Amino acid sequence: MAKTKELSKDTRNRIVDLHQAGKTESAIGKQLGLKKSTVGAIIRKWKTYKTTDNLPRSGAPRKISPRGVKMITRTVSKNPRTTRGDLVNDLQRAGTKVTKPTISNTLPRQGLKSCSDRRVPLLKPVHVQAHLKFAREHLDDPEEDWENVIWSDETKIELFGKNSTRRVWRTKNAELHPKNTIPTVKHGGGNIMLWGCFSAKGPGRLIRVKERMNGAMYTEILSENLLPSARALKMKRGWVFQHDNDPKHTAQATKEWLRKKHFKVLEWHSQSPDLNPIENLWRELKVRVAQRQPQNITALEEICMEEWAKIPATVCENLVKTYRKRFTCVIANKEYITKY
């Protein structure tokens, strides 16, 4: 049977007005062109609930009992990589037959959603303690301090293919929890290597590194690109340079060059990409490049340079502004590690 069209609120109120005026249900139905049964239903609702508004509907009963919901929530909390199929089998063994879409509808109501797991460096206890110390020390630094930092790093960009991902069930802001990540070693496979820098004012220079980088080459890259980037970005007096603890960055020759140039260098800790906003900028670049679908190395390099230059300054500014959120997230997740 086809579903009848719902009466408007004005029509329902009109029925009540006519009923209060002494009209019969039949007379009201004829006047408004409605069935007597429809008129009667509206009048009975008004007499019972003193309103003609739609009342909350109970809907179909949940297929998973509250006990079953607790069971699957507990399961994915212990093991976020549990699949929907695993949960379907668990419920079936408990006497409840459901489908995968039912699982997908149920878990979000518990604050859980399916996400790709994050790949993060494998942390040793000394790294965890260093991260915590750094985050706590700088959590309340003024925003202007971070706006006066030039962030730098290297990355490799593949010509073809995407890294495979796995999905996890997690709550909001828990993407860096150890159970929701996959440990990796720095620098996987790739086709071209890039060095770049940026600040809150926009992207700095981006260059391709065609040979194996060592301390001497790194110093040459800085001498040719760091100061020009600072000038182009119109950095304030006393700006700070950031790079990680890669061996070529901490080589004696590099330290000596930076000292002679009187550059202020931000103290940094090993295995800390989650604190460096340039990691997010690399992702932005890689997404843009992938959308252009380069077909050879030459095109890949050209497209990287073009897309890097197109990245709006607002993107860079917003990334730098996330520093407080980054530190808060690090403190929450690293404290969990140290506790357990």
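How many aromatic pairs does the count come to in this structure? In this predicted model, the count comes to six aromatic pairs.

**View 1. The edge-to-face pair of Trp 151 and Trp 268.** The two ring centres are 6.1 Å apart, and the angle between the ring planes is 75 degrees. Trp 151 belongs to strand 3 (residues 149–157), while Trp 268 lies in the loop between strand 9 (264–265) and helix 12 (278–292), so the pair ties together parts that are 117 residues apart in sequence. Trp 151 and Trp 268 are both buried.

**View 2. The tilted pair of Trp 257 and Phe 263.**

**View 3. An aromatic cluster containing Trp 151 and Trp 268.**

**View 4. Lys 50 over the face of Trp 46.** Lys 50 is placed 5.1 Å from the ring centre of Trp 46.

**View 5. Glu 317 and Glu 147.** Glu 317 is located in helix 14 (residues 313–320). Glu 317 has a relative accessible area of 29% and is therefore partly exposed. Between Glu 317 and Glu 147 the C-alpha to C-alpha distance is 7.8 Å, although the two residues are 170 residues apart in sequence.

Conventions
Residues are numbered from 1 along each chain as its sequence is written. This is a predicted model: local features need pLDDT of at least 70, side-chain atom pairs count only at pLDDT 80 or more; totals for chains, interfaces and linings use all residues. Side-chain values use heavy atoms; hydrogens and water are left out. Rings of Phe, Tyr and Trp (its six-membered ring) pair if their centres lie within 6.5 Å; planes under 30 degrees apart count as stacked, over 60 as edge-to-face and the rest as tilted. Helices (H or I, at least four residues) and strands (E, at least two) are DSSP runs, numbered from the N terminus. Buried means under 20% relative accessible area, exposed over 50%, partly exposed in between (1.4 Å probe, protein chains only). A charge sits over a ring if NZ of Lys or CZ of Arg is within 6 Å of the ring centre and within 35 degrees of the ring normal.
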